[in-house]
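Welcome! Let us walk through this structure together, one piece at a time, and see how its parts sit beside each other.

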Amino acid sequence: MTPTTQVGPLEASLRARRDAGHKLLAPYVTGGLTDDWTEVLRAVAAAGADAIEVGIPFSDPVMDGPTIQEASATALARGVTPPSILHDLTGVDAGVPLVAMTYYNLAYRMGELRFARSLAAAGVAGAILPDLPLDESAGWEAEAAAAGIETVLLAAPVTSDDRLGEIAARSRGFVYGVSLMGITGERAEVASSAAVMAKRLKAVTDKPVLIGFGVSTPRQAVEVCAEADGVIVASALIRTLLAGGGPEAAADFVGGLREALDRG
Amino acid sequence: MTDAADGSRPAPGSAVEATHMGDPDDRGRFGDFGGRFVPESLVPACQELEAAFRAAWSDDAFHTELDDRLRTYAGRPSPVTEAENLSRRLGVRVLLKREDLNHTGSHKINNVIGQALLTRHMGKKRLIAETGAGQHGVAAATAAALFDLDCVVYMGEVDVERQALNVFRMELLGAEVRPVSSGSRTLKDAINEAMRDWVASVETTHYCIGSVMGPHPYPWMVRELQRVIGDEARVQSKELLDGGDPDLVVACVGGGSNAAGIFAGFAEGPARLVGVQPDGGAAIGRGLPGVVHGSASLLLQDEHGQVSEAHSVSAGLDYPGVGPEHAHLAATGRAEYVTVTDAEVLDAFELLSRSEGIIPALEPAHAIAWVAREAGGAIPTGATVLVNLSGRGDKDAEQVMRIRKGTR
């Protein structure tokens, strides 16, 4: 079991929902994808999201598949920057915690502490940096914590038991279990490794365990939540937005997931 | 000058290795640069590779096998040629380390034979690679054929067009070439796609990175696999220079593997080390510290950290970053990094062809271009200059022909 640590607002919020018997749903929205992207956040929250991952686009998103890569490129082509996204976010009270998801170079370029403070000032509660593994992240984690940002760490199917324990212990907000060996993107079926990942994490931590990568449909979300506390859904939602769907379409999609998870 | 650097392999951790181009620290850092910035899914593979490399590199049997393959298959040692006509013309003594004479036409074969052997040691059956100019792709496809490994090579669409002949060569060797249509459609994007493949296939696949970049242990491992260039050249130079070293050692730098290889042989000696970058891809000088493709180094990027696109007539140098050890050598002042323009490179391509009967690849034509420009300037008249001629120009002949005819 993990040592007792101070619980931040993101973790507190997710724990409260989980302990009340809900499965957790965290959709991903690419920041700056459209003019009305912050309306998408509000719509998704109203449709039943428990937290929202806000992607800050990076030019070289190596952990992402074609859908999120396209969304990132589209947003960058529109001229968005990390400051413009954080500016857009300021004052958006979606009613659920926001978690920034981006690549480390953006934080490195701005300066870790300054980046973390900018996130906090924009009302963001947590951060996910998928290319910053345990061995390189201690400095960032400290700066983030100082700014009040909870750093969510990722665990992978190939992560050893020792590392898994350390990831669970150091992760803040929740623990992000990667469902499969691969990049983000929709899959026809949930990988069998998703359940194994969730079980392994649940065995070493009491923190909320969310599973992401390849979870695209209500049926898949329910399947993953048989073991996990919740799911992260990205590419399927982004595909809807890239196809021209606005806040309403996003809300319909997330509402479908919510309903399925609540039905169980 | 040190007696120890006689071309023999320094023992791991020896005083010689511990100085300018020594082992990285336990986090894979050369000073402030390097490290292992990869998704958690790839961390075990990097650890496994590091362990396999450490074991192999301290194993005489591995070295015997590697040396044997390099000698009987790749054609090592490569000679050093006195460029007499060019020397007369420039007023400096130019020596050429002839990596262009290697099998497959460049220094890339040194690295891939080593990595293919490691792939076999790790029990993996599939090799993936990225390529810009195609030299590394052809070398990887060649090693895969030799060691009976499946091979997929990622190549930006722009480069597929620029290097059509090399695409055909890779296919002829049994590799599958996957064109990459994202981003700038050049080397940077081919690396992204290769990394995506690797994340999904890491348990059966080795990613054969083609330069001194990527996460630890790649920058170190690839430099060690390429140091054969510098170790040979040091001995050869001493024979030509009455026991002395050249005054300058010059090599082109994209990611920087041929430069790292030849610099490694001379880093502890008195020679000035000069890396020549394309004007449109000068990560050292115009780049800022950044993290991409697995390591911290210098990187062309905008004020927010978005990676910029590099531009070079040479597909092999069309990369916005540079290997972390080069960033470190620049920071410590042990090596100098300079730039030349595409026009100077095209002139140098012809200059070497006509003066010596050697058509260089566009990459080492950068090194020749700087020497031609600076002879009598930054290079004192009468100085001895060892240039790493890292590859031959057959692959580039058609492209240069098109440029000369003004068709692109």
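How many bridges join β9(B) to strand β10 (residues 272-278) of chain B? There are five bridges, and the two strands run parallel. Please keep in mind that this is a predicted model. One of the places where the strands meet is B:Cys252, whose bridge partner in β10(B) is B:Val276.

Stay with strand β9 (residues 248-252) of chain B for a moment. This strand is mostly covered, with five of its five residues buried. B:Leu248, B:Val250 and B:Cys252 point one way from β9(B), while B:Val249 and B:Ala251 point the other way. The residues on both sides are buried.

Chain A also has strands to look at. Here nine strands form an open sheet with parallel pairing, in the order β5-β4-β3-β2-β1-β9-β8-β7-β6. At the edges are β5 (150-152) and β6 (154-155) of chain A, each of which pairs on one side only. Within this chain, strand β3 (residues 98-101) and strand β4 (residues 126-128) pair in the parallel sense over three bridges. If you find A:Met101, its bridge partner in β4(A) is A:Ile128. As a general point, strands of a sheet pair through backbone hydrogen bonds, either parallel or antiparallel.

Now for some helices. In chain B, the axes of helix α5 (residues 135-146) and helix α7 (residues 164-172) come within 9 Å and cross at roughly 10°. Angles under 35 degrees count as roughly parallel, and α5(B) and α7(B) are therefore roughly parallel to each other. The table shows which residues make the contact.

| Helix | Residues in the contact |
|---|---|
| α5(B) | B:Gln135, B:Gly137, B:Val138 and B:Ala141 |
| α7(B) | B:Asn166, B:Arg169 and B:Met170 |

The residues of this contact of α5(B) with α7(B) divide into three nonpolar, three polar and one charged.

Another helix of chain B is α8 (residues 187-201), which has 15 residues. From its first C-alpha to its last, α8(B) reaches 21 Å, close to the 21 Å expected at 1.5 Å a residue. The helix α8(B) is mostly covered, as 13 of its 15 residues are buried.

Finally, is B:Asp100 buried or exposed? B:Asp100 counts as buried because its relative accessibility is 3%, and the cut-off for buried is under 20%. This residue lies in the loop between β4 (93-98) and α4 (108-121) of chain B. Not counting residues up to four places away in sequence, B:Asp100 touches B:Gly105, B:Ile358, B:Leu389, B:Ser390, B:Gly391 and B:Arg392.

Conventions: Residues numbered from 1 in each chain as written. Chains lettered and ligands numbered in written order. Predicted model: local features only at pLDDT ≥ 70, side-chain atom pairs only at ≥ 80, totals over all residues. Heavy atoms only, no water. Axes fitted to C-alpha atoms, helices over the stretch in contact; angles between N-to-C directions. Helix = DSSP H or I, 4+ residues; strand = E, 2+ residues; numbered from the N terminus. Parallel < 35°, antiparallel > 145°, perpendicular 65-115°, else oblique. Contact = heavy atoms within 4.5 Å. Nonpolar A, V, L, I, M, F, W, Y, C, P; charged D, E, K, R; others polar. Expected span 1.5 Å × (residues − 1). Buried < 20%, exposed > 50% of the residue type's maximum accessible area, 1.4 Å probe, protein only. Pairing = 2+ DSSP bridges.
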